[in-house]
Amino acid sequence: ALKACLFDLDGVIVDTAIYHFKAWRRLANELGFDFTEHQNEQLKGVSRMESLELILQWGGVTLSDEEKQQWAARKNEWYLAYVNQMTPQEVLPGVRDFLDSLRKAGIGIALGSASKNARLILERIDMLDAFDAIIDGTHTTKSKPDPEVFLLGAQALHQNPADCVVFEDAVAGIEAAHRGGMKAVGVGSPEVLTEADVVITAFTETSLTKLSDELLGWQ
Ligand code: G6P
Ligand code: MG
């Protein structure tokens, strides 16, 4: 039965994915190359340092560990400049209503994000109180597609993975949910999120009843 919902942050609750893309692209450009939005899909859900490694590979750029730390710090500064402009209006359509309906139904709510900036973002959009548990990049040692972040979330909510549903916009996040023994709802494009149990393009097009009916259908 559906006991808990675990939410990715970037691209699910708010569209920070676009800010990550802009900041990473600036880094690439300053290093003398570029990458596409298609390549950017591979960065979703992937930690800061692992994202940097991938981007450097794309550009064929080799850096020392120290230089990598410096570029990652720079990228984060550019990213935070966007984050600091964020307002509660940026919460994606339907998200607040959906979380309200979960709360009313007594379903556990956790955040499962790779971001070390998650709490700051939740503060900016006034959603720190919306979650019963917040697991972010400061708690995890392994990145998605490893299920660690979601398993920690289920644990914090005292629920079995089989009773949990993950909401994810990243291919790596869908895989993480499944590897953790959880259902996965893709948020985004069905062409990209082919492994998801079900895909929604926005929370406005679903409801708890609709989802649990679909969930029951999966059992
Ligand atoms: C999320 C995003 C990734 C980002 C990662 C780390 O998973 O989807 O694009 O790289 O968090 O974020 P951070 O804010 O710690 O750099
Ligand atoms: Mg995401």
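The legends below describe close-up views of a predicted model. In that model, local features need pLDDT of at least 70 and side-chain atom pairs count only at pLDDT 80 or more, while totals for chains, interfaces and linings use all residues. Residues are numbered from 1 along each chain as its sequence is written, and chains are lettered from A and ligands numbered from 1 in the order in which they are written.

**View 1. Helices α1 and α3.**
Helix α1 covers residues 17-30, and helix α3 covers residues 48-59. Helices (H or I, at least four residues) and strands (E, at least two) are DSSP runs, numbered from the N terminus. Two packed helices are described by the angle between their axes and the distance between the axes. The axes of α1 and α3 come within 11 Å and cross at roughly 40°, which makes α1 oblique to α3. Axes here are lines fitted to C-alpha atoms, for helices over the stretch in contact, with angles from 0 to 180 degrees between N-to-C directions. Angles under 35 degrees count as roughly parallel, over 145 as roughly antiparallel, 65 to 115 as roughly perpendicular, and the rest as oblique. The crossing of α1 and α3 is right-handed; a crossing has this hand if the near helix is turned clockwise from the far one by less than a right angle, and is left-handed if anticlockwise. W24, L27 and A28 of α1 meet S51, I55 and G59 of α3 (contact: C-beta atoms, placed from the backbone, within 7 Å). By class, this contact of α1 with α3 has four nonpolar, two polar and no charged residues. Ala, Val, Leu, Ile, Met, Phe, Trp, Tyr, Cys and Pro count as nonpolar, Asp, Glu, Lys and Arg as charged, and the others, Gly among them, as polar.

**View 2. Helices α1 and α4.**
The axes of α1 and α4 are 9 Å apart, and the two helices pack at an angle of about 140°. α1 and α4 are therefore oblique to each other, and α1 passes α4 in a right-handed crossing. On the α1 side the contact is made by Y19, H20, K22, A23, W24, R26 and L27, and on the α4 side by W71, R74, K75, W78, Y79, Y82 and V83. The contact of α1 with α4 has nine nonpolar, one polar and four charged residues.

**View 3. Helices α3 and α4.**
Helix α4 spans residues 65-83 and packs with α3 at an angle of about 110°, their axes being 10 Å apart. That makes α3 roughly perpendicular to α4. R48, M49 and L52 of α3 meet K68, W71, A72 and N76 of α4. The residues of this contact of α3 with α4 divide into four nonpolar, one polar and two charged.

**View 4. L31 and K68.**
L31 lies in the loop between α1 and α2 (37-40), whereas K68 is in helix α4. L31 counts as partly exposed because 15 C-beta neighbours lie inside 10 Å. K68 is partly exposed, with 15 other C-beta atoms within 10 Å. A residue is buried if 20 or more other C-beta atoms lie within 10 Å of its own, exposed if 12 or fewer, and partly exposed in between, with C-beta atoms placed from the backbone. The C-alpha atoms of L31 and L56 are 8.9 Å apart in space and 25 residues apart in sequence. For K68 and L56, twelve residues apart along the chain, the C-alpha separation is 9.4 Å. Not counting residues up to four places away in sequence, L31 touches G59 and V61, and K68 touches L52 and L63.

Of the 17 residues around ligand 1, R48, A114, S115, K116 and N117 come nearest (a residue is near a molecule if its C-beta atom, placed from the backbone, lies within 6 Å of it). The shell around ligand 1 divides into four nonpolar, nine polar and four charged residues.

**View 5. Helix α7 and its buried residues.**
In helix α7 (residues 148-156), the buried residues are V149, F150, L151, G153, A154 and A156. They pack against β1 (4-7), β2 (108-112), β3 (133-135), β4 (164-168) and α8 (171-179).

H158 follows α7 and sits in the loop between α7 and β4. Its phi is near 55°, a positive value in a residue other than glycine. H158 is exposed, with 11 other C-beta atoms within 10 Å. D126, in the loop between α6 (118-124) and β3, also is not a glycine and has a positive phi of about 60°. D126 is partly exposed, with 13 other C-beta atoms within 10 Å. The peptide bond from K144 to P145 is cis, with omega near 15°, and P145 is found in the loop between β3 and α7.

Key:
Two residues are in contact if their C-beta atoms, placed from the backbone, lie within 7 Å.
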